[in-house]
Amino acid sequence: MNVLSRKISFHDFEPELESFREAVLKGLSRRQKQIPPKFFYDEIGSQLFEAILEQPEYYIPNVERDLLTAYANEISRLIEPGSVLIEPGSGSCEKVQLLLESLLPSAYVPMDISREFLKQSACGLSQKYPWLAIYPACLDFTQQMLLPHGIPHGRRVVFIPGSSLGNFDPPEVQHFLSGIHRLTGNGGGLLVGVDRKKDHSVLNAAYNDTAGISAEFNLNLLTRINSELEGNFDLDRFEHRAYYNDQRGRIEMHLVSSQVQQVRVSGQHFQFTKGEYIHTENSYKYSPDEFITLANASGFRLIKMWSDDLHLFSVYFLEAV
Ligand code: AVI
């Protein structure tokens with residue numbers, strides 16, 4: 001443990017970083033080429049993602065913020081003051097701030113794989129909320145869900161905003177939720193924001209904003225390969241594609257080759273036919289019934305769900321039973 005300030009106890013679980021090179025070479029060698037979405041987030045990718053959050057078509061942040069603001073008191077009563085609030089993938093720790101003053105948790109445990117970003121965000125939060133005990137945990141929450149030593153007793157409640165669960169396949173979500181259940185124990189809680197199925201045009205617009213930021217975000221993966229893995233992708237020969245796959249209930253993001261071409265990465269060559277694509281992300285959308293069924297299968301029961309008037313997005317509070 002490393003004490004960053006009187007109220008911050010930093011815990012480094014030293015997550016293993018999957019090598020970008022290995023993942024890209026493996027992914028491009030598959031029959032259906034693919035690269036895992038976690039590699040979007042280099043420094044530029046993270047900035048582009050922040051810019052996506054500001055796009056008018058990408059409704060998720062605004063709708064979720066409005067729900068958390070409008071129902072902060074009710075949510076806090078259900079969670080119970082004095083709880084230990086745990087946030088996997090906490091990033092900039094923005095959304096939790098909508099709840100802290102009404103919730104008054106006994107501790108907040110932000111978890112993130114990015115060590116420096118985690119430290120900075122925890123320090124920023126501590127300046128704003130000097131009374132809050134913060135236990136930042138550096139780990140890859142998709143691989144391990146561990147709690148730092150020394151956190152206070154109290155109901156453990158996990159907070160997952162932003163529909164991050166949507167980027168896992170449903171069996172992975174179930175596995176992940178079961179891990180959360182083990183972490184909180186019976187009686188613990190889960191507060192989670194989940195994007196809903198809706199009119200396809202709204203979904204398609206959200207991932208194809210007119211300013212072209214989603215396209216830049218997707219294509220930045222190729223720029224990253226070029227600069228970090230001695231790649232020679234020509235960005236003018238690949239196009240961003242994102243569309244709602246109704247059968248699978250998910251947005252799919254692809255990088256589509258506009259012509260026959262050969263690309264080199266780390267000394268290896270990869271062929272592309274015209275129209276062949278690299279699958280870069282899935283973003284699943286769930287009706288309330290679908291999500292509650294998935295959560296039930298991992299041992300959670302619904303306590304309350306909040307939605308906006310247009311039924312774009314839902315926030316669920318569930319209890320581990
Ligand atoms: C992080 N995640 C919830 C975003 C989503 O909507 O699936 C990632 C994203 N990809 C393109 N736009 C946003």
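## Burial and overall dimensions

Of the 321 residues of the protein chain, 52% count as buried, where buried means under 20% relative accessible area, exposed over 50% and partly exposed in between, with a 1.4 Å probe and protein chains only. The model is a predicted one, in which local features need pLDDT of at least 70 and side-chain atom pairs count only at pLDDT 80 or more, while totals for chains, interfaces and linings use all residues. Residues are numbered from 1 along each chain as its sequence is written, and side-chain values use heavy atoms, with hydrogens and water left out.

The secondary structure of the protein chain comes to ten helices and 14 strands, these being DSSP runs numbered from the N terminus (helices H or I, at least four residues; strands E, at least two). The radius of gyration is 20 Å, close to the 20 Å that the globule rule gives for 321 residues, so the chain is as compact as a globular protein of that length; the radius is taken over C-alpha atoms, and the rule is 2.2 Å times the number of residues to the power 0.38. Along the principal axes, the C-alpha atoms fill a box of roughly 60 × 45 × 35 Å.

## Contacts and surface

Among the contacts in the protein chain with a separation of 6 or more, 70% are accounted for by residues 24 or more positions apart, a contact meaning heavy atoms within 4.5 Å. The accessible surface comes to about 14900 Å², of which 48% belongs to carbon and sulfur atoms, as given by the Shrake-Rupley method with a 1.4 Å probe.

## The buried face of helix 2

In helix 2 (residues 43–52), the buried residues are Gly45, Leu48 and Ile52. Seen down the axis of helix 2, these buried residues fall within an arc of 60 degrees, so they line one face of the helix; the arc is that of the directions from the helix axis to the C-beta atoms. The buried residues of helix 2 pack against helix 9 (213–228).

Most residues other than glycine have a negative phi.

Ser266 is found in the loop between strand 10 (261–265) and strand 11 (268–272), and at 19% relative accessibility Ser266 counts as buried.
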